[in-house]
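Hi everyone, thanks for coming. I'd like to walk you through one structure today, so let's bring it up on the screen.

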Amino acid sequence: MDRRLDESAPGTEAVVETDRSRVLADVRRALASARTEGKRRGHGPEPATAATPVERNSVDGSMATHAVEHSDTDRITEFQSALDAVQGVCHRVTSDSGAAEVLQAIIADLAVRRVVRSDDELVIDVVERVVGGFELLDPDRDRNAMLECDLGVSRATLGVAEHGTIVMTSGDAAGDRGRRTERQRLVSLLPETHVALLAASDIMHTWDQALEDVGSDRRCLPPTTTFATGPSRTADIELELVLGVHGPRHQHVVVLEHR
Amino acid sequence: MSEPAASIHHLHADHFAELVPRALANVELRGALANATDTIRNRRATALAGVDDLQALRGRAKAIKSEALEHLDEHLERFEKTAEANGIKVHWASDAEAARAVVLDIAARTGARIAVKAKSMVSEEIGLNDALIDAGVVPVETDLGEWIVQLAEETPSHILVPAIHKRRREIRDLFARVLGRPMPDDAAGLTAIARNELRSHFATADLGISGANFLVAETGSFLLIENEGNIRLTTSLPKVHVAIAGIEKIVPRLEDLGPLVRIIARNGTGQPISCYQTLVSGPKTSPDDDGPEEIHVVLLDNGRSRLLADELTAETLRCIRCSACLNVCPVYRQIGGHAYGSVYPGPIGAILTPQIAGLHAASQLPDASSLCGACREVCPVDIDIPGVLLHLRHQAAASDEDDAAGVDPVTETKNRAARRGFGLWRWAMASPARYAMLGRIGRISVRAIRRVPRLSRFIGPLRGWCDGRELPPAPDRSFRDGSTARRISARNGGRRGN
């Protein structure tokens, strides 16, 4: 691909190109000298022909231990206890209306006044089933209001059983860059409470498997993929754990066992 | 080794000898450090206990980083190609000045007034905040610890917990002074204040600046790891996002991320996994979507490439900045991060700082270690930190003979004294008569010094040693003249000595 340089800043090109060639030349010179030195000592690195393949996942414990297929129920249970361990809340439902009931209860519990949702069809449907008592914000018109919004609802693309992680892929609403994506970045991040809808069939065993699934087409990754495990947290003041610093303070995941 | 153009911002590691006593005298700091590092160590131990085959995971992390470094040029070029195909603009910077220029250029072109920043060591290294302020852009640190340190006009003292040296009371008073109103006492209350204050900056910022934990050559993506959510905000709200990364942050393949994500969280904060990993693979693809319109990556060398020329020094570049070595280091635990006089403290800082900025600027840091080896034992990518420390000490000692690297005056004086001392030792050890004579002089001197109370604290080389203890009494006669030595000698067939 051609280096597309900024037209509005003339003179940048020469500077950028100089630094590029200098960095690469310095790296190559140093590597060449290490190779010569290594050969002299007789245990140097391999010559730079092709990348030496690192043996994939033969030893790293994660994929290997989970290679045995668990049942769906085991996976959901593992997801639930992992999320519980990081102060998240997992709800299990067996119908879409069950999901709406959970959402309704959360909204009542936390006295939520303002809600935003993503543009996912399931999310739209579930939020529609929840009856009144709150204001539904339009994310297009009201970004500043979103900063003070109480609760956001979006769909998780995938789940990770081993850590209780939800995976959220963002992109354009039409999803024409490969896999289905939704507009959830701010919905899942700005409000104090985030509720994610997760289909049981989308729960993978490991973080690595989820990444592999998201990146199945290596040339076409979603613009942003976020792996979120529990509510946001900090320990920057005397190492005391505090939940909800910049991201959500409450992380709810509604697992739809029928999906 | 030629004089490096690379530099580290606010570096004053040549004042190490003065900074250490000051840190040691701060009893409150030492208490805070001991508590904090103990807590992180315990959390780390618990997290690692859950890993079935820790050494295998460690070996894999090491192999990934080693492989990346062995062919760094190819991976960098591949990353450039794949990232630009994703719509990410890639910039190269051979030193700190070039990196600052790239960021300032982007800020000027986009008319940025406020830049929200996610915690980035490399941004501290290149002194980006001062450069932004000079250019009329207000940098706002958004990581809670970094924000505290920025408000206090200090520098981070720990790679992962920037305000580890600050007690809660200090933070409360600092917030009250800066914000001009009374503050709550508890950590949760103070954190909530920070959340609200920083929200307004996020709402108005036009530039987001972050580092990057890993750059994936295969897919042209980069991964950001965090717990607070401020990196997600920094990379989601402003129109323009700039990520600055050292060239050593490259990994070849997407699947290399899994083991590294697992090992960095367990070693850094003692979590099985950090709260958020964000994989950025490009700007938003539709005008209606959230996220930045422009994403830039700055690939920074700043002296790193030189480390590749030697197998041992190249190990330094495997570092994933987990900071496990800081928490176990008996030196760091006593003196804290600021005494190192560098943005990179602790054992990793003691080897990284002199190698990046040059030995002349930080030749005392390789001595800031007892070589106990705890740092290497915990290092998730098995960097031979004690080995590199010895290598650098050797360079520092050799340098004023052949004038190759150059060291600071303190090290030079120490080197000269050491050389004289060992010269005298060699002279004495070469002859039994000279050895006996020197011993006699020693015994007489010790007796003389002990006759005057406290005198030992003021005499040359004894000063440091006797600061906290008494000079022991000298025996009346040497061991060789004593009855035990004679008995051993007789048993060995009358041979004298040895």
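A word on ground rules. This is a predicted model, where local features need pLDDT of at least 70 and side-chain atom pairs count only at pLDDT 80 or more, while totals for chains, interfaces and linings use all residues. Residues are numbered from 1 along each chain as its sequence is written, with chains lettered from A and ligands numbered from 1 in the order in which they are written.

Let's start where the chains meet. On chain B, 89 residues are in contact with 74 residues of chain A; contact here means that the C-beta atoms of two residues, placed from the backbone, lie within 7 Å. Which element gives the largest share of chain B's side? That is helix α3 (residues 54-70) of chain B, with eight residues. Helices are DSSP runs of H or I with at least four residues, strands are runs of E with at least two, and both are numbered from the N terminus. By class, chain B's side has 39 nonpolar, 22 polar and 28 charged residues. Nonpolar covers Ala, Val, Leu, Ile, Met, Phe, Trp, Tyr, Cys and Pro, charged covers Asp, Glu, Lys and Arg, and the others, Gly among them, are polar.

There is strand pairing between the chains too. Strand β9 (residues 224-229) of chain A and strand β9 (residues 276-280) of chain B run antiparallel, joined by five bridges; pairing takes at least two DSSP bridges. Thr224(A), for instance, has Val280(B) as its bridge partner.

Back to α3(B). Its axis and that of helix α12 (residues 257-268) of chain B come within 9 Å and cross at roughly 120°. Axes are lines fitted to C-alpha atoms, for helices over the stretch in contact, and angles run from 0 to 180 degrees between N-to-C directions. The two helices are therefore oblique, the label left over once under 35 degrees is roughly parallel, over 145 roughly antiparallel and 65 to 115 roughly perpendicular. Residues of α3(B) including Leu57(B) and Ile64(B) meet residues of α12(B) including Leu260(B) and Ile263(B).

The second pair is helix α21 (residues 409-429) and helix α22 (residues 432-451) of chain B, packed at about 125° with axes 6 Å apart. So α21(B) is oblique to α22(B).

Finally, the domain assignment, automatic or from a database, gives chain B domain 1 (13-307) and domain 2 (432-491).
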